[in-house]
Amino acid sequence: MQGVLTGFMVIAVVVGVGYVIGRRRYLGDDGRHVLTRLAFHVATPCLLFTTLAGADLSVLLSERLLITAVSTVAAAALFMAVGLLNRWGAGHLTIGALCSSYVNAGNLGIPIAVYVLGDASLVAPVLLFQQIVVTPLALTALDLTRPGEPEPLLRRLTTPLRNPMAIGSLTGVTVAATGWTIPQPALEPLTLIGNMSVPAVLLAFGISLRGSGLPARGDNRPAIVLSAVIKTTAQPLIAWSLGATVFHLHGPSLLAVVVIAALPAAQNLYTYASHYRVAEQLARESILLSTLFSVPVLITIAALLG
């Protein structure tokens with residue numbers, strides 16, 4: 001329980017600092033967009049590269065990854081099914097599906113894994129899956145659904161190879177697969193730049209809250225509430241049912257997959273929405289709601305399965 005509260009406290013403080021920066025206009029009117037562009041084009045690709053370059057790719061074959069993949073796809077599909085019935089746009093469908101299934105495995109998942117599960121490496125499968133599979137697919141979908149003239153077929157097919165996030169992830173996986181050790185002098189600058197990613201994302205998120213009012217208001221309310229509920233309720237229930245009945249997990253192993261599935265939506269999803277200028281309110285308020293909802297959910301899971 002202490003780990004859950006510690007993780008949320010860290011995030012709340014940094015987001016709060018961002019809110020104050022926005023209120024005082026320390027970074028001017030364009031500060032949020034500058035931080036978003038910094039995170040999207042520079043810092044986060046460096047973070048993804050340095051994280052994956054030293055990763056153990058054998059975790060991709062674990063049962064935990066399979067449960068994570070199935071629960072992620074199921075949660076995203078549930079949102080998209082409702083969205084298609086309501087004829088929500090492609091951008092809203094993509095961002096909403098991400099907010100319903102993409103867990104905050106980095107800046108919240110790692111501290112919770114340490115304090116609740118006792119092992120930070122338990123978040124590695126979901127980090128790898130999201131960075132290698134989910135992020136490139138989602139960003140490709142956002143690229144391809146941008147308004148404007150249709151792009152040539154070759155350009156569409158090579159979209160993932162031109163996205164900085166995908167480039168960082170795929171390059172890191174390539175380094176890990178070859179077993180090459182990057183010289184420390186070359187790795188240090190990338191690590192230093194990558195360390196800006198999480199603070200930049202959280203500060204930009206905090207700045208965006210200035211003047212936004214209470215969450216889940218206006219025309220986007222159904223999508224915001226739906227994605228937050230799916231993320232914090234449906235996804236962990238799916239992970240629990242798969243782990244307990246299909247893979248016969250119990251004890252710490254079952255606790256790990258359910259806790260990770262119950263993590264709220266990641267703040268970097270707002271970076272994606274802001275960069276593509278689509279469904280920004282949906283991303284911002286769904287992340288905020290799922291973060292609030294996940295506190296009692298994670299405490300309950302830790303009490304029941306811990």
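Which residues does Thr-68 touch, not counting residues up to four places away in sequence? In this predicted model, Thr-68 touches Val-126 and Phe-129. Thr-68 is found in helix α3. Its relative accessibility is 12%, so Thr-68 counts as buried. Gln-130 lies 62 residues from Thr-68 along the chain.

With a relative accessible area of 13%, Thr-140 is buried. Its side chain reaches back to the backbone oxygen of Pro-136, at 2.6 Å. An α-helix has 3.6 residues a turn, so residues three or four places apart point the same way.

Helix α13 spans residues 268-276 and is mostly covered. Nine of its nine residues are buried. They are Asn-268, Leu-269, Tyr-270, Thr-271, Tyr-272, Ala-273, Ser-274, His-275 and Tyr-276. The buried residues of α13 pack against several helices. Among them are α2, α6 and α14. The others are α4 (90-101), α8 (164-178) and α10 (197-208).

The packing of α13 on α14 was examined next. The two helices pack at an angle of about 170 degrees. Their axes are 8 Å apart. An angle over 145 degrees counts as roughly antiparallel, and α13 and α14 are therefore roughly antiparallel to each other. On the α13 side, the contact is made by Leu-269, Tyr-270, Ala-273 and Ser-274. On the α14 side, it is made by Glu-280, Ala-283, Arg-284 and Ile-287. By class, this contact of α13 with α14 has five nonpolar residues, one polar residue and two charged residues.

Helix α14 (residues 280-305) also packs with helix α12 (residues 252-261). Here the angle is about 175 degrees, and the axes are 10 Å apart. α12 and α14 are therefore roughly antiparallel to each other as well. Leu-255, Val-258 and Val-259 represent α12 in the contact. They meet Leu-298, Ile-301, Ala-302 and Leu-305 in α14. The residues of the contact of α12 with α14 divide into seven nonpolar, no polar and no charged.

The loop between α13 and α14 holds Arg-277. Arg-277 follows α13, and its phi is positive, near 55 degrees. This is a positive value in a residue other than glycine. At 56% relative accessibility, Arg-277 counts as exposed. A positive phi is also found at Arg-87, near 60 degrees. Arg-87 has its place in the loop between α3 (63-85) and α4. Its relative accessible area is 77%, so Arg-87 is exposed. Arg-87, like Arg-277, is a residue other than glycine.

Charge pairing was then considered. Side chains of opposite charge can pair when their charged atoms come close. The structure holds four salt bridges. One of them joins the side chains of Glu-280 and Arg-32, at 3.3 Å from N to O. Glu-280 lies in helix α14 and Arg-32 in helix α2 (residues 31-53), so the pair ties together parts that are 248 residues apart in sequence. Arg-32 has a relative accessibility of 18% and counts as buried. Glu-280 also takes part in the contact of α14 with α13.

Another salt bridge links Asp-29 with Arg-25. The closest N and O atoms of this pair are 2.5 Å apart. Asp-29 counts as exposed, at 66% relative accessibility. Arg-25 is partly exposed, with a relative accessible area of 43%. The side chains of Arg-37 and Asp-30 also meet in a salt bridge, at 3.2 Å from N to O. Arg-37 is partly exposed, with a relative accessible area of 38%. Asp-30 likewise counts as partly exposed, at 38% relative accessibility.

Key. Residues numbered from 1 in each chain as written. Predicted model: local features only at pLDDT ≥ 70, side-chain atom pairs only at ≥ 80, totals over all residues. Heavy atoms only, no water. Axes fitted to C-alpha atoms, helices over the stretch in contact; angles between N-to-C directions. Helix = DSSP H or I, 4+ residues; strand = E, 2+ residues; numbered from the N terminus. Parallel < 35°, antiparallel > 145°, perpendicular 65-115°, else oblique. Contact = heavy atoms within 4.5 Å. Nonpolar A, V, L, I, M, F, W, Y, C, P; charged D, E, K, R; others polar. Buried < 20%, exposed > 50% of the residue type's maximum accessible area, 1.4 Å probe, protein only. Polar contact = N/O pair within 3.5 Å; in protein donor to acceptor, adjacent residues only side chain to side chain.
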